[in-house]
Amino acid sequence: MTVIFSLSCIPGSDIEPKEFPYAHLIAHTVLYGVLFYFAYRALKFQGYSKFLNEFSLPVALLFVMLYGASDEIHQSFVPGRTEEFKDFAIDVIAALIVLAVIVLKDKLGRGRKKSSAL
């Protein structure tokens, strides 16, 4: 979260021209995908709340969505930066991709355990 906030504080005029055309897209995807994964792990493996443990995926998704929205609002106050729904959508899609990978990995892991027991 600190990295994302720090990058969001950079004024628009200080952002260097992009040599790689998809750098912005990749940065959002990686940063918010990693944020989702860390939030999910923190919720899944904490020992205080059974609810947070059981519903770690949707709660982590909601957390990333709220953080992404707040990041876009924050950028509207940074000189030369604007809030963009497109960036928020990329953040949510990144979280959904990681969520899908976690769910698929979990389902594949369960399938292997059942087939190995036979």
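Leaving aside neighbours within four places in sequence, Glu 72 is in contact with His 28, Thr 82, Glu 83, Glu 84, Asp 87, Phe 88 and Asp 91, where contact means heavy atoms within 4.5 Å. The structure is a predicted model, in which local features need pLDDT of at least 70 and side-chain atom pairs count only at pLDDT 80 or more, while totals for chains, interfaces and linings use all residues. Residues are numbered from 1 along each chain as its sequence is written, and side-chain values use heavy atoms, with hydrogens and water left out.

Glu 72 lies in helix α4; helices (H or I, at least four residues) and strands (E, at least two) are DSSP runs numbered from the N terminus. Glu 72 counts as buried because its relative accessibility is 4%. Buried here means under 20% relative accessible area, exposed means over 50%, and partly exposed covers the values in between (1.4 Å probe, protein chains only). The C-alpha atom of Glu 72 is separated by 7.0 Å from that of Phe 88, a residue 16 places away along the chain.

Glu 84, one of the residues in contact with Glu 72, also takes part in a salt bridge with Lys 86, in which the closest N and O atoms are 3.7 Å apart. A salt bridge is defined as a side-chain nitrogen of Lys or Arg within 4 Å of a carboxyl oxygen of Asp or Glu. A search of the whole structure finds 1 salt bridge. Glu 84 has a relative accessibility of 32% and therefore counts as partly exposed.

With regard to the overall architecture, the chain contains 5 helices and 0 strands, and its pattern along the sequence is α-α-α-α-α. Of its 118 residues, 29% count as buried. Among contacts between residues at least 6 apart in sequence, 68% join residues at least 24 apart.

Two packed helices are described by the angle between their axes and the distance between the axes. The axes of α2 and α4 come within 9 Å and cross at roughly 140°. These axes are lines fitted to C-alpha atoms, for helices over the stretch in contact, and angles run from 0 to 180 degrees between N-to-C directions. The residues that make the contact include His 28, Tyr 32, Leu 35 and Phe 36 of α2, and Leu 57, Val 64, Tyr 67 and Glu 72 of α4.

The largest nonpolar core has 17 residues, and Tyr 32 and Phe 36 have the most contacts inside it. Such a core is a set of buried Ala, Val, Leu, Ile, Met, Phe, Trp, Tyr and Cys residues joined through side-chain atoms within 4.5 Å. Helices α2 (23-44), α4 (56-75) and α5 (85-117) each supply at least two residues of this core, and α2 gives the most, with 6 residues. Apart from neighbours within four places in sequence, Phe 36 is in contact with Leu 57, Ala 60, Leu 61, Val 64, Ala 95, Val 98, Leu 99 and Ile 102.

Two further residues of α2 were examined. Leu 35 is placed in α2 and counts as buried because its relative accessibility is 9%. Beyond four places in sequence, Leu 35 touches Met 1, Ile 4, Phe 63, Val 64 and Tyr 67. Gly 33 is also found in α2, and its relative accessibility of 7% is why Gly 33 counts as buried. With neighbours within four places in sequence left aside, Gly 33 is in contact with His 28, Ala 94 and Val 98. The C-alpha atoms of Gly 33 and Leu 96, 63 residues apart along the chain, are separated by 8.2 Å.
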